[in-house]
Structure formats: structure tokens, C-alpha cells
Amino acid sequence: MVTQAVATNGTAAEEPRKALNYAFSSYATTIFEVMSKLAAEHKSVNLGQGFPDDEGPESMKQIASKALYEQSNQYPSLLGVPELRQAVARHSEAEQGLPCDWARETLVTVGATEGIAAALMGLINAGDEVVVFEPLYDSYAGMARQVGGKLVPVQLQPPTWSISEQQLREAFNERTKLILVNTPHNPTGKVFTREELQLIADLCKQHNTYALLDEVYEHLVFEPHKHVSLRALPGMADRCIRLGSAGKTFSFTAWKVGDCCGVAKWRNLQISTLPMTSMSISFSSITRLSAASLVAAVANRCIWLTQCEPFSFVAWVGERQKQASNHQNWVLYTTLLCPC
């Protein structure tokens, strides 16, 4: 016989529910959703989320549209469309001077965020420590916690967002499995210097640590700063997984096109583990829709970006302030690197 619990007021009592996932149930929403809603409510400039003001190159849209009718719309290879992976390999050598075997050392992901998730799932076991720089992209914390990792934060020091060498050294120990390096940095816009990267490299080698490199804003750097990848430093290429984002670079964020570079000699790092974890998340990556246009763009080494007029972030903000009809409704969310 089935019985039902009855509350003191005579109505049926609700049975206690089993707990939800501990890693994500504590997050009501993301800071990006909060800031975007506030910006819409106050009709203010929104730099709180990584979408640009303007669309990307018209030529890329045309190529993508054409590809819908002339090329396959079915699942690509588990590792991604070969032409796009070849373009990613060319980009690696052209921009950082690092040759890359496209067939064994590249992976296409559904946005760089999937690459972050796949890398953490593939590398981190329960109890492993992950060094991160705060403030940080909130996806890092949720995914690291989900796979049982322990975040070890290192606070960037305002107003220049410098690294405390002492704090960084104290963050490393025998349990450190991974350091997550995001440069150019979200949300501060900081571009890590070569000296800072060398310190990170020395600690990685000293403690036999992997490095996950979130470099989605690599092409949004303004003079005199220069983006340098940690994997380009001596002895670091075979410790690093590098993540890029064509969506960020070419202003097509809704396309969700990310890429990943690693080193084939660590088969458990790049060739086996990451594709399998990526498959568990999305099964496969983009179809010809995005790949057809990105191949042309990446192969030409971001010609569209280099042809843009010189851009002054300060001047852009000042002009937007002048245009605001109500200065009290001017809400500037200084998180991402620039509005383009």
C-alpha cells in the first residue's frame, strides 16, 4: 500500500528533493546576463559581454552562405573540418612562430568555452589544484569545481593589474596540475608581459605543471602592447594547450567557433583526451557553414583586422558619453578589452 505524507494543515506535504549538481546549482545566472540586462534597462553602453558593436566582414558572410548549398551540412570529423584545422596550424606559425601539425595537434571546438571545459575534464582529477588569476571569466570556476579541481586564486594587483611574484610562487606546490593563463585578460584588459610569462613558465617547469592558455582576444591588442603566447617561450610548447576564438577575432560571436592547439607527443594530453571529452560535450564541432569562411580569413592572417582604422578606446568612450541623453544612465561595464 502506498502512503502519502500529510502536512499539519491536512494538505499533502512535498517530499524532499534530491540535491542538484553541487558545482552549478549555486549559480543563479552569470555576471554577463546580469550586466546585459542592466545595460538594456538603463539604455547604456554594455561592455560587460564579449559581443562587438558591429558585424564582421561581409565577405565572410557571403562565403558561409554559399557553403550552405555547395558543401556538406553533416557531421564533420571528430577533430573538426580539416581545412579549418590546417588554417589554425598556419596561424600558429605565422603569429607565434610555432609550427603545428594540423593532423595531430589541432582541434576545433564549439567556441573556446567548450575547449576550456574539455581541457579541464581531460586533465583534472579530484583534488588537483588549478592556479587562476583573479578577477576571472566565471566559466573557469564552475568547470574546475565540476571535475573536482581546487581553484587556487592569485589576485592581480590594481591599478596596473600586476602579478605578485610572491603570491604566485606560494600558489604552486606538488598538487598543482594546471595554471590557467588568460591574456589578453578578461575582464581587466591586461596584456601579460614577457617577464610575467617567463615567471609562469619557470614555475610550470619547476613543478611539472600544465598550462591552459585562453587567448581569445589575441588580436585585440593596442600599441605599444604586444601579445605573446606562453607556449612560444623556451620549453613551454609541450606543456601548453592554447585556445583561440574565431568568433571573437572576426566579430561573429554567435558562430561559436573555437580552436585548440597542443603537442602530439603527449598523446594523452591532446590527441586522445581532449577530443574524447569534447565529444562528450557536443559530439562534434562546426560544419562547413563557419569553416568555409574562416579558412579564408585565417589563411590571410586577419587582413580585415589589419586594415581597420587606428582605434582609440579612450576617444570612443568619450564620444559615447557625449551621445548619452542622460548621463545618470551612463553605465560603463569595463570588463572586456574593447568594443570592436
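Here is a walk through the structure shown above, from the whole chain down to single residues. The model is a predicted one, in which local features need pLDDT of at least 70 and side-chain atom pairs count only at pLDDT 80 or more, while totals for chains, interfaces and linings use all residues. Residues are numbered from 1 along each chain as its sequence is written, and side-chain values use heavy atoms, with hydrogens and water left out.

Let's start with the big picture. The chain holds 13 helices and 7 strands; these are DSSP runs numbered from the N terminus, with at least four residues (H or I) for a helix and at least two (E) for a strand. Of the 340 residues in the chain, 46% are buried. Buried means under 20% relative accessible area, exposed means over 50%, and partly exposed is in between, using a 1.4 Å probe and protein chains only. Now for contacts, meaning heavy atoms within 4.5 Å. Among those between residues at least 6 apart in sequence, 74% join residues at least 24 apart.

The expected span here is 1.5 Å times one less than the number of residues. Met60, Ala64 and Ala67 are the buried residues of H2. Looking down the axis of H2, you'd find these buried residues within an arc of 60°, so they line one face of the helix. That arc is taken from the directions from the helix axis to the C-beta atoms.

Now try helix H5 (residues 111–123). Its 13 residues should also span 18 Å, and its end C-alpha atoms are 19 Å apart, which agrees. H5 is mostly covered, with 10 of its 13 residues buried; among them are Gly111, Glu114 and Leu123. Ala112 is another residue of H5, and with a relative accessible area of 9% it is buried. Leaving out residues up to four places away in sequence, Ala112 touches Val216, Leu243, Gly244, Ser245 and Gly258. Ala112 and Cys260 are 148 residues apart in sequence, yet their C-alpha atoms are 8.0 Å apart in space.

What about the aromatic rings? The whole structure has 3 aromatic pairs. Rings of Phe, Tyr and Trp (its six-membered ring) pair if their centres lie within 6.5 Å, and planes under 30 degrees apart count as stacked, over 60 as edge-to-face and the rest as tilted. Tyr137 and Tyr140 make an edge-to-face pair, 5.5 Å centre to centre with 80° between the planes, and both of these tyrosines are buried. Phe252 and Trp255 have ring centres 4.3 Å apart and planes at 10°, so that pair is stacked. Phe252 counts as buried at 6% relative accessibility, whereas Trp255, at 22%, counts as partly exposed.

Ser229 sits in the loop between strand E5 (210–214) and strand E6 (240–245). At 0% relative accessibility, Ser229 counts as buried. Its side chain makes a polar contact with the side chain of Glu215 at 2.7 Å. A polar contact is a pair of N or O atoms within 3.5 Å; within protein, one must be able to donate a hydrogen and the other to accept it, and residues adjacent in sequence count only if both atoms are side-chain atoms. Neighbours within four places aside, Ser229 is in contact with Gln96, Leu213 and Glu215.

Finally, a few backbone details. The peptide bond from Glu134 to Pro135 is cis, with omega near 0°, and Pro135 lies in the loop between strand E2 (129–134) and helix H6 (138–146). The bond from Pro158 to Pro159 is cis too, with omega near 5°. Lys43 isn't a glycine, but it has a positive phi of about 55°. You'll find Lys43 in the loop between H1 and H2, where it counts as exposed at 77% relative accessibility.
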